[in-house]
Amino acid sequence: LSTNSYIPVDEHLIKPNREPNPKFVKENATLLMLCRNWELEEVLQSMRSLEDRFNGRYQYTWTFLNDVPFEKQFIQETTLMASGKTQYALISSTDWNRPSFINETRFEQNLIQSEKDDIIYGGSPSYRNMCRFNSGFFYKQKILDQYDYYFRVEPGVEYFCDLEEDPFRYMRLHDKKYGFVISLYEYENTIPTLWQTVEKFIENHPEYIHPNNSYEFLTDKEVVGPLGLVALTEQTYNLCHFWSNFEIGDLNFFRSEKYEAFFQFLDQAGGFYYERWGDAPVHSIAVGILLDKRQIHHFENIGYYHLPFSTCPQSYWSYKCNRCICKRNESIDLVPHSCLSKWWKYGGKTFLQ
Ligand code: GDP
Ligand code: MN
């Protein structure tokens with residue numbers, strides 16, 4: 001664990017001392033990035049974009065996590081890019097690596113098979129560690145203990161509009177626990193048994209399921225087949241999830257007994273290694289069943305890009321007032337692959353702003 005007070009930038013690199021605008025009250029929150037040393041250029045690009053569009057006025061601390069130590073150059077350059085402080089933590093191997101209850105043979109077999117089946121990132125062991133870490137361990141890192149909210153950032157992303165209002169403040173004032181910008185269908189072959197595992201969890205733990213949950217958003221009983229024929233099936237997961245490379249979340253929700261029980265149940269089932277469960281469907285299903293749907297928020301005015309999709313505010317005035325630079329007609333929200341229309345229909349959109 002190190003912060004930039006331990007590893008200062010070289011003396012000849014003078015970091016200008018910027019004061020935050022005193023007009024803005026800061027929330028108890030941090031900008032959070034899990035990344036690798038070699039992603040530095042893309043990390044700086046994401047930071048530059050979020051600093052210019054939002055953080056320069058607030059100066060929230062950036063927290064960087066890595067399963068190997070950050071190099072000096074990484075620390076120096078990110079320190080210089082941040083308007084405020086930066087801090088860096090090393091993830092312990094027990095929080096990152098495969099647990100001992102995972103059957104190594106079964107895991108290896110699935111890696112090989114996934115590679116053959118062209119499952120996206122299927123052949124990468126570290127990607128599986130990453131997904132499990134983002135599902136069950138990020139919020140347990142000591143360096144985050146002091147915070148209530150996090151804003152997840154990934155290397156190589158871009159924010160297209162000014163974030164006029166502090167999203168952390170919005171979350172707190174409106175009792176939101178999870179915020180997203182893009183919602184999509186997951187690749188089915190990454191999560192063959194995820195939903196049946198969730199169903200078992202729901203059966204075993206009805207006490208954790210929120211009565212005003214997002215079950216209708218997450219499930220369908222219609223599948224549209226060839227020639228547009230509609231077939232009725234059992235009500236099952238429709239693969240809709242919030243794209244978790246962008247998320248603004250309440251850490252206290254993830255620290256809660258119900259979320260931990262949910263994560264443990266999934267973890268024991270082994271799907272992070274015997275399949276390639278992503279943290280996006282895991283987070284989405286968790287917030288979808290454990291929270292009041294009104295506690296999930298779609299930040300519709302935040303334009304955002306992460307390869308290969310982008311979202312751009314559809315409201316003309318929001319677009320103009322927040323100085324967006326993006327193509328509204330290329331927004332993922334407009335194509336059938338987006339789940340946003342389902343969210344509008346079944347989700348937690350409230351008109352009490
Ligand atoms: P994608 O967004 O699903 O295409 O996957 P990414 O490669 O962007 O990985 C998701 C996030 O996890 C990014 O912030 C990566 O920097 C980070 N990440 C992925 N694998 C590793 C890893 O092995 N070590 C570390 N430290 N970060 C990782
Ligand atoms: Mn990414």
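Student: Which residues touch the most other members of the largest nonpolar core?
Tutor: The model is predicted. In it, L31, M33, Y149, Y150, A286 and Y304 touch the most other members of that core, which holds 81 residues. Helix 12 (residues 279–290) gives the most to this core, with seven residues. Nonpolar side chains tend to be buried together in soluble globular proteins.

Student: How do you know what M33 is in contact with, leaving aside its neighbours within four places in sequence?
Tutor: The cut-off is 7 Å between C-beta atoms. Beyond four places in sequence, V43, W62, F64, V153 and E154 meet it for M33.

Student: How do you know how far to trust the protein, by its mean pLDDT?
Tutor: The scale runs from 0 to 100. The mean pLDDT is 93, and 95% of the residues reach 70 or more. The predictor also gives the complex an ipTM of 0.99 and a pTM of 0.94.

Student: Which element has the lowest mean pLDDT, and which the highest?
Tutor: Strand 1 (residues 2–3) has the lowest, at 50. Strand 5 (residues 149–152) has the highest, at 99. Where pLDDT is low, predicted coordinates should not be read in detail.

Student: What makes S46 count as buried or exposed?
Tutor: The threshold for buried is 20 or more other C-beta atoms within 10 Å. S46 has 22 such neighbours, so S46 counts as buried. S46 sits in helix 1. Beyond four places in sequence, S46 is in contact with V153, E154, P155, G156 and V157.

Student: How far apart are S46 and A29, in sequence and in space?
Tutor: They are 17 residues apart in sequence. In space the C-alpha to C-alpha distance is 18 Å.

Student: Why is Q59 called partly exposed?
Tutor: Buried takes 20 or more neighbours, and exposed takes 12 or fewer. Q59 has 18 other C-beta atoms within 10 Å, so Q59 falls in between and is partly exposed. Q59 belongs to the loop between helix 1 (40–53) and strand 3 (62–66). Its phi is near 60°, a positive value in a residue other than glycine.

Student: Is R323 buried or exposed, and what makes it count that way?
Tutor: The limit for exposed is 12 or fewer. R323 has 12 other C-beta atoms within 10 Å, so R323 is exposed. Its loop runs between helix 13 (316–321) and helix 14 (340–346). Phi of R323 is near 55°, again positive in a residue other than glycine.

Student: What makes the bond joining L307 and P308 a cis peptide bond?
Tutor: Omega is about 0° there. P308 lies in the loop between strand 14 (304–306) and strand 15 (309–311).

Student: How do you know that strand 6 and strand 14 pair?
Tutor: Pairing takes at least two bridges. Strand 6 and strand 14 have two, in the antiparallel sense, so they pair.

Student: What is the strand order of the open sheet of three strands?
Tutor: The order is 6-14-15, with antiparallel pairing. Strand 6 (158–159) and strand 15 are the edge strands, as each pairs on one side only.

Student: How many bridges join strand 5 to strand 12?
Tutor: Four, and the two strands run antiparallel. Strand 7 (residues 178–180) also pairs with strand 12 in the antiparallel sense, over two bridges. G249 in strand 12 is the bridge partner of Y150. G249 is also the bridge partner of Y178.

Student: Which residues point one way from strand 12, and which the other way?
Tutor: E247 and G249 point one way, I248 and D250 the other, and all are buried. In a regular strand the side chains alternate between the two faces of the sheet.

Student: Which residues surround ligand 1?
Tutor: Among them are L34, C35, R36, E39, N66 and D67. S126, Y127, M130, E154, P155 and N245 also belong to the shell. By class, the shell has five nonpolar, three polar and four charged residues. Helix 5 (residues 125–136) gives the most to the shell, with three residues.

Key:
Residues numbered from 1 in each chain as written. Chains lettered and ligands numbered in written order. Predicted model: local features only at pLDDT ≥ 70, side-chain atom pairs only at ≥ 80, totals over all residues. pLDDT = per-residue confidence, 0-100. Near = placed C-beta within 6 Å. Nonpolar A, V, L, I, M, F, W, Y, C, P; charged D, E, K, R; others polar. Core = buried A, V, L, I, M, F, W, Y, C linked by C-beta atoms within 7 Å. Contact = placed C-beta atoms within 7 Å.
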